[in-house]
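Please look over the fold of this chain.

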Amino acid sequence: MPTAVETASSAVIVAIDGPSGTGKSSTSKAVAAELGLSYLDTGAQYRAITWWMLTNDVDIADASAVANAAAKPVIVSGTDPSAPTITVDGEDASGPIRTQEVTAGVSAVSAVPEVRALITELQRSIAAGAGAGIVVEGRDIGTTVLPDADLKIFLTASAEARAARRSGELKGADVAATKEALIKRDAADSGRKTSPLAKADDAVEVDTTELTLEQVIECVVTLVEEKRAAK
């Protein structure tokens with residue numbers, strides 16, 4: 001059994017960024033499970049605070065109203081990759097945060113600097129507390145949240161491939177409409193002033209357009225194992 005010192009030295013913090021539909025969540029969960037690491041879906045946290053705003057009648061188009069309310073909800077993320085959980089004020093939010101209403105509003109809420117500051121602090125504390133290491137997925141992990149991560153990966157894919165995947169997840173949604181929504185979301189996330197979606201200079205880019213999920217997972221597992229072996 002490894003000692004605490006050995007565990008600490010082999011613990012890796014992995015940042016996986018990229019736009020919607022690139023396979024971030026599926027890849028991150030599978031890699032974390034295979035390598036015995038914790039897992040954090042940072043997008044779920046932004047969805048959770050968005051859901052709370054909508055549920056509590058905060059006008060999400062009013063940035064100052066969002067900023068003033070940002071510290072009110074208590075968001076708790078479970079980091080078991082086989083069964084990740086998220087609660088808001090003690091209530092299971094894993095289902096409600098995936099609604100179309102939340103999806104439509106999350107970019108506006110997550111662009112508010114006060115929201116990003118609070119959620120970023122939460123994410124850093126979770127990563128710091130992961131003794132065996134953690135896979136953290138999002139849009140600004142390698143650039144803003146965890147700039148000193150041991151390994152940074154940026155997943156990409158063509159808009160067509162991403163729309164087809166996301167439509168499949170949404171049970172036959174219109175591919176053209178899904179593609180348009182993804183491009184709009186990309187523009188909002190890449191163009192925001194605070195912590196935009198961006199590839200870190202030292203990130204490894206993996207284009208998943210022509211790869212199966214299993215191939216992407218295998219690629220990332222290899223990168224993590226190489227990094228862990230070099231520590």
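Of the contacts in the chain with a separation of 6 or more, 77% join residues 24 or more positions apart; contact means heavy atoms within 4.5 Å. This is a predicted model, in which local features need pLDDT of at least 70, side-chain atom pairs count only at pLDDT 80 or more, and totals for chains, interfaces and linings use all residues. Residues are numbered from 1 along each chain as its sequence is written, and side-chain values use heavy atoms, with hydrogens and water left out.

The chain averages a pLDDT of 90, and 94% of the residues score at least 70. pLDDT is the predictor's confidence in each residue, from 0 to 100. Over residues 1-8 it stays under 50. That stretch has 4 contacts beyond four places in sequence. Where pLDDT is low, the predicted coordinates should not be read in detail.

The secondary structure comes to 10 helices and 8 strands. These are DSSP runs, numbered from the N terminus: helices are H or I of at least four residues, strands E of at least two. The radius of gyration, taken over C-alpha atoms, is 17 Å. The globule rule (2.2 Å times the number of residues to the power 0.38) also gives 17 Å for 231 residues, so the chain is as compact as a globular protein of that length. Buried residues (under 20% relative accessible area, 1.4 Å probe, protein chains only) make up 45% of the chain.

An open sheet holds 5 strands in the order β2-β6-β1-β7-β8, with parallel pairing. Strands pair if DSSP finds at least two bridges between them. β2 and β8 stand at the edges with a single partner strand each, so one side of each lacks a neighbour in the sheet. Neighbouring strands are turned by 20° on average, direction ignored. β1 (residues 12-17) and β6 (residues 133-138) pair over 6 bridges. I13 stands opposite I134 in β6.

Angles run from 0 to 180 degrees between N-to-C directions, with axes fitted to C-alpha atoms, for helices over the stretch in contact.

| Helix | Lies across | Angle |
|---|---|---|
| α3 (residues 42-55) | β2 and β6 | about 40° to β2 |
| α10 (residues 213-230) | β1, β7 and β8 | about 165° to β7 |

Helix α10 contains R228. Which residues does R228 touch, not counting those up to four places away in sequence? They are S10, V12, L35 and L37. A polar atom of the R228 side chain lies 3.5 Å from the backbone oxygen of L35.

Conventions:
Polar contact = N/O pair within 3.5 Å; in protein donor to acceptor, adjacent residues only side chain to side chain. Buried < 20%, exposed > 50% of the residue type's maximum accessible area, 1.4 Å probe, protein only.
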